[in-house]
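Hi there,

Here is the structure I promised to pass along.

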Amino acid sequence: MPKNKHRPLSTSEDDDTTDLRPSSSTSAAGMMAGPLDSYSTPSGSILPLKRSTIMIISLVLILTIIPTVILSNPTSNLSSQPQPQPVKIAYGSCTSYSMESLPLLSLITRTNPTHFIWLGDVLYLDDPITDCNSPTYLESCGCQNTDFIRIPPHSCYSGDAEHARFMWEFFRETEWVNHFVEYFKSIKKTEEDYRMIGVYDDHDFGWNNGNRRMPEKQIFKEMFLDFLDVPNDSIRRRHLEGVQDHVVISDDIEVRSREERSDEIPT
């Protein structure tokens with residue numbers, strides 16, 4: 001069946017009905033001339049159409065087409081836009097005094113935090129890895145008070161970089177801590193995307209109530225930043241003193257950490 005096209009309308013002298021059928025004398029330039037007032041059925045009969053009917057049909061077509069175009073445009077669908085990840089910050093301090101198991105760390109990662117802030121004393125580096133209240137281990141706790149930082153029984157390892165390095169390595173390789181650190185490394189998006197943030201206090205600085213007189217404090221600082229997975233070219237490693245930091249987590253959240261232990265004036 002041929003498609004209906006807009007044609008010039010001819011009028012029969014014997015009939016008042018407008019004929020929509022093609023005229024052989026119609027020119028191409030005049031094909032869109034004249035109002036559309038009737039419709040030719042397949043059988044050739046003529047049905048008159050009111051202008052109001054034509055307008056209603058046109059309106060229905062417009063209302064059908066427009067929503068289709070809008071829905072096919074991704075920019076018009078707000079739900080399809082990527083949503084920012086919510087920020088969930090966990091924090092803690094005084095983590096491991098006796099190097100025992102830490103199942104609490106596993107409970108923390110189960111809540112799917114985006115960041116963790118260490119608030120000090122991740123480890124007690126100045127202490128021996130023993131219970132100094134037990135007579136079996138008095139050898140580790142019986143240091144001689146020969147300088148200004150080593151005080152028995154609980155601070156025999158103050159300023160001892162070799163002992164501190166062993167403790168950091170042992171701590172990092174334990175099951176609980178390893179899982180905890182790897183969790184935050186796995187959600188990093190870039191090398192500079194810090195997920196573990198923090199500063200040390202006195203014991204993970206390497207000296208109980210320590211100050212600027214701490215020997216080899218730059219070595220202790222590097223060990224702490226290694227644990228936080230801070231890149232080697234980070235400005236934090238170039239600071240002359242301390243592990244202070246400023247981290248922008250989102251447009252609304254910044255973390256500024258201060259550390260005054262390494263530059264504290266002795267009293």
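Let me start with Glu222, which is partly exposed, with a relative accessible area of 24%. Please keep in mind that this is a predicted model. The side chain of Glu222 meets that of Arg237 in a salt bridge, at 2.5 Å from N to O. This pair ties together distant parts of the chain, with Arg237 in helix H7 and Glu222 in helix H6, 15 residues apart. Arg237 counts as buried because its relative accessible area is 10%, below the 20% cut-off.

**Other salt bridges**

A search of the whole structure turns up 13 salt bridges. One of them joins the side chains of Lys188 and Asp229, at 3.4 Å from N to O. Here too, distant parts of the chain are linked: Lys188 sits in the loop between H5 and E7, Asp229 in the loop between H6 and helix H7 (235-238), and the two are 41 residues apart. Asp229 has 25% relative accessibility, so this residue counts as partly exposed.

Arg236 has a salt bridge as well, with Asp245, and their closest N and O atoms are 3.3 Å apart. Both Arg236 and Asp245 are buried. Salt bridges with shared partners also connect Arg172, Glu182 and Lys185 into one network.

**The nonpolar core**

What does the inside look like? The largest nonpolar core contains 41 residues, and Trp168, Phe171 and Phe227 have the most contacts inside it. At least two residues of this core come from each of helix H2 (103-110), strand E6 (115-118), helix H4 (161-173), helix H5 (175-186), strand E7 (196-198) and helix H6 (217-227).

Setting aside neighbours within four places in sequence, Phe171 is in contact with Thr95, Ser96, Met99, Leu102, Val122, Leu123, Val177 and Phe227.

Met99 also comes up in another pairing: its C-alpha atom is separated by 9.0 Å from that of Thr130, although the two residues are 31 apart along the chain. Thr130 lies in the loop between E6 and helix H3 (138-141). With a relative accessible area of 27%, Thr130 is partly exposed.

**A buried asparagine in a loop**

Asn211 is located in the loop between E7 and H6. Is this residue buried or exposed? Asn211 is buried, because its relative accessible area of 10% is under the 20% cut-off. A polar atom of the Asn211 side chain lies 3.0 Å from the backbone nitrogen of Arg213. Leaving out neighbours within four places in sequence, the residues in contact with Asn211 are Phe205, Arg261, Ser262, Glu264 and Pro266.

**A nonpolar patch on the surface**

Finally, turn to the outside. Val87, Ile89, Tyr91 and Leu119 make a nonpolar surface patch of about 380 Å². Tyr91 belongs to strand E5 (residues 89-92). At 60% relative accessibility, above the 50% cut-off, Tyr91 counts as exposed.

Happy to go through any of this with you.

Best wishes

Notes. Residues numbered from 1 in each chain as written. Predicted model: local features only at pLDDT ≥ 70, side-chain atom pairs only at ≥ 80, totals over all residues. Heavy atoms only, no water. Core = buried A, V, L, I, M, F, W, Y, C linked by side-chain atoms within 4.5 Å. Buried < 20%, exposed > 50% of the residue type's maximum accessible area, 1.4 Å probe, protein only. Helix = DSSP H or I, 4+ residues; strand = E, 2+ residues; numbered from the N terminus. Contact = heavy atoms within 4.5 Å. Polar contact = N/O pair within 3.5 Å; in protein donor to acceptor, adjacent residues only side chain to side chain. Patch = residues over 30% accessible without salt bridge, like charges linked within 9 Å, V, L, I, M, F, W, Y side chains within 5 Å. Areas by Shrake-Rupley, 256 points an atom, 1.4 Å probe, with all protein chains shown as cover. Salt bridge = Lys/Arg side-chain N within 4 Å of Asp/Glu carboxyl O.
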